[in-house]
Amino acid sequence: MNTGTKPFGFPFEPYDIQKDFMQELYNVLEQGKIGIFESPTGTGKSLSLICGSLKWLRDHDQKDPEPTEPIAQPKVNQPDWITELQTKSQGNKKKAQLEEKRKELKERIDRVRSDTLNIEVTTRNKKRSKETKQQADDEEFLIEDYVSDDENGPTTTTNRINTNSNLSKEVQALLAKFESKKKVSYHNDEEEDEPLEETKIYYASRTHSQLTQFVHEVSKTMYAEDTYEVSLASRKNMCINPDVNKLANVNKINEACLDLQKSGSKKGPCKYLPPADNTSKWNEFRDHALAKVRDIEDLVTVGEKLSTCPYYGSRNAAKSARLIVLPYQHLLHTSTRESLGISLKNNIVVIDEAHNLMETITSLYTVTLSLQQIQLAWNQLNLYIQKYKTRLLGKNVVYIKQILSIIKSLIRHLQPTDPSKKKDNVMGVNEFVHALSIDHINMFKIKTFLDVSSLSRKLNGFVDKAKEKEEEERQKQRLLNPNAPLPPASVSLTTSTLTLTQIESFLLALTNPDKDGRIVTSFGSTENPGVTLKYMLLNPAEAFKPIVEEAKSIILAGGTMEPISDFFRHLFPSVPKERISHFSCGHIIPPTNLSTITLQEGPSGKPLIFNYESRQDLKLMDEVGQSIVNLCNVIPDGIVCFFPSFTYLDQVYKRWASSESNSILDRIQKRKKVFKEPRESNQVENTLREYTLQIDSPDKNMGALLLCVVNGKMSEGINFSDRLGRGVIMIGLPFANRGSVELIEKMRYAQECSNDGTLNAGTEYYENLCMRGVNQSIGRAIRHKGDYATIVLLDKRYGTPRIGNKLPKWIGEHVENYDKFGKVMGKTAKFFREKQQ
């Protein structure tokens with residue numbers, strides 16, 4: 001395919017590796033394949049993804065659209081030329097319709113773009129008059145009558161036949177149908193102007209800041225002008241109703257938003273939410289949203305200026321958008337994807353920062369319940385049924401009692417009367433439901449009931465209201481008798497966490513295939529004292545399968561995707577090998593700008609092996625300390641040093657600070673000011689700021705040493721470019737605790753599912769898990785073409801082919817293995833001497 005000299009519209013002259021990346025990406029999309037792309041951070045991965053995919057999308061639009069409707073069957077003995085003409089005619093008709101719709105949308109958006117008042121609307125006064133508090137009626141939390149859940153679908157009072165009515169069943173059915181049409185809905189995909197049926201690109205990444213950065217990169221390209229892009233996010237990020245977004249907690253915000261939409265809501269409707277049939281208002285937001293490439297904050301501004309909800313507005317705009325930017329969970333979680341109306345059929349899926357994709361999928365579908373949560377749900381549901389049992393239809397009572405019975409079984413399981421049974425254990429799903437004697441209950445019907453009745457939401461509202469009433473009574477008592485002690489708050493009302501929602505997720509997990517997950521019961525430990533029940537997903541491939549089956553093409557991209565073998569085995573086990581393409585490019589830096597060293601022993605000759613048995617070895621802690629003291633003398637500016645865990649970091653730091661270690665910490669601090677990664681997330685930014693200020697200080701002889709943890713906050717998404725990271729030191733291999741019940745199950749599952757002849761698939765999984773953490777950490781070193789750094793891997797095992805082969809190619813191809821520490825010092829000193837000349 002010849003696309004010219006500069007086919008991809010890169011904003012500047014691309015490097016060869018960027019051209020190769022874009023060309024391979026284009027080919028993968030054209031062939032409808034799955035692509036695994038590895039491009040080190042600093043090589044322009046985001047721009048390559050943008051230009052390669054949007055160039056393909058533009059070319060794809062020029063082609064005749066594929067017919068979505070079946071072509072009429074040719075008549076018997078009909079000549080081929082007539083059949084061909086009919087097919088061509090249908091294709092031309094669809095193309096004309098598509099062009100017409102594109103033209104109409106473009107004209108609308110062009111009007112918005114040319115309008116001098118484009119979103120420069122006067123800011124409205126956000127202050128609202130204080131509303132008088134009204135006592136909510138108890139009926140607000142009463143679930144609708146649930147009649148049945150047979151094969152014809154569940155029915156509630158909104159669509160069932162009233163046997164006491166004087167009207168015939170036929171008339172009642174017609175009226176019910178009419179009422180259902182009148183109901184306002186913001187969750188379906190229907191609108192008067194049917195959206196264009198065009199191929200879309202769904203781009204997903206891990207964090208809010210990564211998505212924002214991606215959108216800004218799109219705006220720098222030639223595609224920004226004619227690409228309709230929209231960002232999707234949670235209500236917490238997009239809600240503009242001050243009464244709702246002030247709640248801060250994401251679950252509270254979701255509940256409050258949905259409550260405002262209920263018919264007869266005392267506080268609703270939300271003034272920022274136009275009726276679903278107000279097409280002109282929704283289209284106004286859509287046109288402004290698509291008029292230029294906007295990030296989440298931009299869409300919030302659009303919503304505020306137009307007084308239209310950006311959360312629902314962006315969902316509506318997504319129907320006409322071609323590039324949809326969204327967080328991981330919106331794409332990867334099936335129920336979230338469905339609730340947003342996202343269809344991946346024949347569309348493109350691009351997942352960035354995909355190195356931890358399998359772990360992300362596993363965590364999204366893993367559900368943990370504490371004994372306290374389960375007991376609270378039982379108490380709250382009991383209060384609810386006592387309050388409403390005389391007003392609930394029989395079927396509702398039956399289902400609520402079934403749910404109470406299940407919850408009681410869970411409590412009994414976590415509170416065995418026989419002390420010998422208080423042992424951590426792992427069960428299959430089938431074994432678990434049999435052990436609890438709940439195997440006769442149809443979980444699918446329970447799930448349907450919970451979905452239709454919205455019992456979780458109703459219960460949460462009921463508890464919040466009861467809590468308010470109780471607090472009012474307590475305050476009245478305080479006023480009547482200020483000196484009297486207040487009665488304690490009811491235990492059942494101490495929290496309004498969505499406890500039943502968590503239990504609902506757990507029950508849904510019990511409907512998964514037995515082989516795909518395990519139930520882990522934990523009776524607590526010194527580190528984690530709580531009693532918990534966890535559904536653990538073992539098979540991310542099954543959860544990812546609908547995306548693989550629906551999408552036209554899938555792109556997984558990351559700075560460090562090695563070890564790649566895990567993706568083939570655990571994410572795409574049933575996908576033919578020929579459908580998967582793997583592309584890995586080198587770095588843009590010359591090889592002389594990176595020195596990667598593995599070291600077998602320390603300055604005194606002690607072997608460096610940081611296995612579980614040697615973690616308490618004080619002499620080994622001293623040996624690695626002496627190594628770092630020496631390296632600090634030859635590596636200038638900033639050094640980032642990674643430890644396998646916070647526990648080991650704390651042990652080593654305490655040893656170095658003691659006089660028994662020959663004052664290692666004091667000796668390091670003569671050349672580098674030492675900083676430690678904090679355990680608390682909210683302190684990370686402050687630590688980084690102080691580390692940066694130290695390196696930028698006028699005293700060039702005093703650098704900084706940052707002690708971090710693999711898989712911590714500092715190991716992902718933070719740039720240690722130039723002087724911030726002239727050296728990256730990795731202490732040991734960050735293997736997970738092999739005695740962990742969960743890890744044992746995952747390794748066993750990997751071994752059982754191995755179908756490619758791998759003898760030690762469980763061990764391979766274990767090692768790959770470790771090396772993904774290593775690769776992500778050492779990838780912090782080089783961030784742009786002119787950058788240079790040394791990577792020092794302190795553990796004898798890094799020199800073995802089994803571990804060395806799992807390093808990223810751009811690092812692994814240039815590794816030098818040293819047995820003596822003196823050689824490393826000479827090599828490192830020479831490397832920086834040459835760079836500073």
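**Notebook: salt bridges and a helix crossing**

I looked up Glu745 to begin with, and at 8% relative accessibility this residue counts as buried. I note here that the model is a predicted one.

Entry on Glu745 and its partner. I found that the side chain of Glu745 meets that of Arg518 in a salt bridge, at 3.1 Å from N to O. Glu745 belongs to helix H27 (residues 741-752) and Arg518 to strand E8 (residues 517-522), so this pair ties together parts that are 227 residues apart in sequence. I then checked the accessibility of Arg518: at 14%, under the 20% limit, Arg518 is buried.

Entry on shared partners. I recorded one network, in which salt bridges that share partners join Asp61, Arg102, Glu198 and Arg322.

I looked at Arg322 and Asp61, whose side chains form a salt bridge of 2.8 Å, N to O. Asp61 sits in helix H2 (residues 45-62), whereas Arg322 lies in the loop between helix H11 (310-317) and strand E4 (323-327), so the two tie together parts that are 261 residues apart in sequence. Arg322 has 8% relative accessibility and counts as buried; Asp61, at 18%, also counts as buried.

Entry on a pair within one helix. I located a salt bridge between Glu284 and Lys281, with the closest N and O atoms 3.4 Å apart. Both residues are in helix H9 (residues 279-290), and because they are three residues apart there, about one helical turn separates them.

Entry on the total. I searched the whole structure for salt bridges, and the count is 39.

Entry on helix H2 again. I turned to how H2 meets helix H5 (residues 208-219): their axes come within 10 Å and cross at roughly 55 degrees. That angle makes H2 oblique to H5. I noted the crossing of H2 and H5 as right-handed. Which residues make the contact? On the H2 side they are Ser46, Leu47 and Ile50, and on the H5 side Phe214, Glu217 and Val218. Sorted by class, the contact of H2 with H5 has four nonpolar residues, one polar and one charged.

Note on methods:
Residues are numbered from 1 along each chain as its sequence is written. This is a predicted model: local features need pLDDT of at least 70, side-chain atom pairs count only at pLDDT 80 or more; totals for chains, interfaces and linings use all residues. Side-chain values use heavy atoms; hydrogens and water are left out. A salt bridge is a side-chain nitrogen of Lys or Arg within 4 Å of a carboxyl oxygen of Asp or Glu. Helices (H or I, at least four residues) and strands (E, at least two) are DSSP runs, numbered from the N terminus. Buried means under 20% relative accessible area, exposed over 50%, partly exposed in between (1.4 Å probe, protein chains only). Axes are lines fitted to C-alpha atoms, for helices over the stretch in contact, and angles run from 0 to 180 degrees between N-to-C directions. Angles under 35 degrees count as roughly parallel, over 145 as roughly antiparallel, 65 to 115 as roughly perpendicular and the rest as oblique. A crossing is left-handed if the near helix is turned anticlockwise from the far one by less than a right angle, and right-handed if clockwise. Contact means heavy atoms within 4.5 Å. Ala, Val, Leu, Ile, Met, Phe, Trp, Tyr, Cys and Pro count as nonpolar, Asp, Glu, Lys and Arg as charged, and the others, Gly among them, as polar.
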